[in-house]
Amino acid sequence: MGKVVLVTGAARQLGDRFVRRVLRDPEVDRVIAVDAVAPEHPSAGAHFVQADIRQPAIARVLAEHAVDTVVHLNVTGMAFGTGGRATVKETNVIGTMQLLGACQKSPTVRRLVVKSSTSVYGSAPRDPAVLTEATAPKSLSSGGFAKDAVEVEGYVRGFARRRPDVAVCVLRFANILGPDAETPLADYLSLPVLPTVFGYDPRLQFVHEDDVIDVLAIASREPRRGTLNSGTFNIAGDGVLLLSQCSRRLGRPTVPVPLPAVTWIGQALRTVGMTDFSPEQIRLLTHGRVVSTVEMRETLGFHPAFTTAETFGDFARSRGPGLLPPERTGAAVDRLAAAPFASRPRPGGTAGTTRTAPGRGAHRR
């Protein structure tokens, strides 16, 4: 890892954890933690700079501390402090532009790591079953965090062309979960009752917050022998889970509603501040999203410690019991599956066949 590491978004849970991780690296001389607000519990040993990356002052921070490694974690879909969606977008997009402009002028910067999201692929009914880093989205989001992430990656590619001497790594994380996860999907899965799109049971992937810290550490230092940590990589745990499986493991009942009603429910939940049930999240809960992690393993050399199921299990245990005990719910589902009517052939099909929605195989219920 570089001798002087600057981390943006250091006041958030993920940024604070990564700062603490970097401080334990014996090859690092200084850690510069940057955020517009002060952290609740500053990391001992890190030099905190209260600065807004949307302002040109970030260039002075890079120059003053001779930063050689920049880890940009201040790209998020969650509001922080008193800011709303407009502030989040400005920080994601304008803040990234300012930060990249500062990095471009800095003669000391040699490595840039950017936190992105698999939401850049969108969620459409005719998407491939498994998305690779080279897959172009079928439909781009007209707003929200997905659009922010697409714009951020565009600016990063432009920076990489202008500064070919800087090693640039973009990490597209699947849905981040864990006991302390701060994501819109974690808020949704914490609701006592989960509104779902009638007729759809999407496939979902998760990455554990501990694995996020580990892969950021790998991307931030010099590559190990036989690996390359420059480029764009999907980051996710092995396997997938259906939304119905998630609800049963949480013990939270689902309420399937028609798609237009889901949009109204989402607006109501945003109004009362329970969760950011955005249009892009509704599309995810309709069509799902599964990405390939071959490049993550074979090129980056990262092997997550948690599978998708193990990640979700850790998250579920942190949320406590739901309205329906998972054991009783699972037993009820098993009894229904063993009922005589469950094995009758359907018209035009065989016993037990499952209809699937077009595209990546979001299961029809």
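Here are a few notes on the cysteines and the aromatic contacts in this predicted model.

1. Starting with the cysteines: a search across the whole structure turns up zero disulfides. In general, a disulfide is a covalent bond joining the sulfur atoms of two cysteines.

2. Two cysteines to look up while you have the structure open are cysteine 169 and cysteine 246. Cysteine 169 has 0% relative accessibility, so it counts as buried. Cysteine 246 is likewise buried, with a relative accessible area of 0%.

3. On to the rings, where the count comes to two aromatic pairs. Phenylalanine 206 and phenylalanine 312 make a stacked pair, with 5.6 Å centre to centre and 25° between the planes. This pair ties together distant parts of the chain: phenylalanine 206 belongs to strand S10 (residues 206–208) and phenylalanine 312 to helix H11 (residues 308–319), 106 residues apart.

4. Why is about one helical turn between them? Phenylalanine 312 and phenylalanine 315 sit three residues apart in helix H11, so that is the separation you get. Phenylalanine 315 is buried too, with a relative accessible area of 0%.

5. Put together, Phe206, Phe312 and Phe315 form one aromatic cluster. If you want to view it, strand S10 holds phenylalanine 206, while helix H11 holds phenylalanine 312 and phenylalanine 315.

Key: Residues are numbered from 1 along each chain as its sequence is written. This is a predicted model: local features need pLDDT of at least 70, side-chain atom pairs count only at pLDDT 80 or more; totals for chains, interfaces and linings use all residues. Side-chain values use heavy atoms; hydrogens and water are left out. A disulfide is a pair of cysteine sulfur atoms within 2.5 Å. Buried means under 20% relative accessible area, exposed over 50%, partly exposed in between (1.4 Å probe, protein chains only). Rings of Phe, Tyr and Trp (its six-membered ring) pair if their centres lie within 6.5 Å; planes under 30 degrees apart count as stacked, over 60 as edge-to-face and the rest as tilted. Helices (H or I, at least four residues) and strands (E, at least two) are DSSP runs, numbered from the N terminus.
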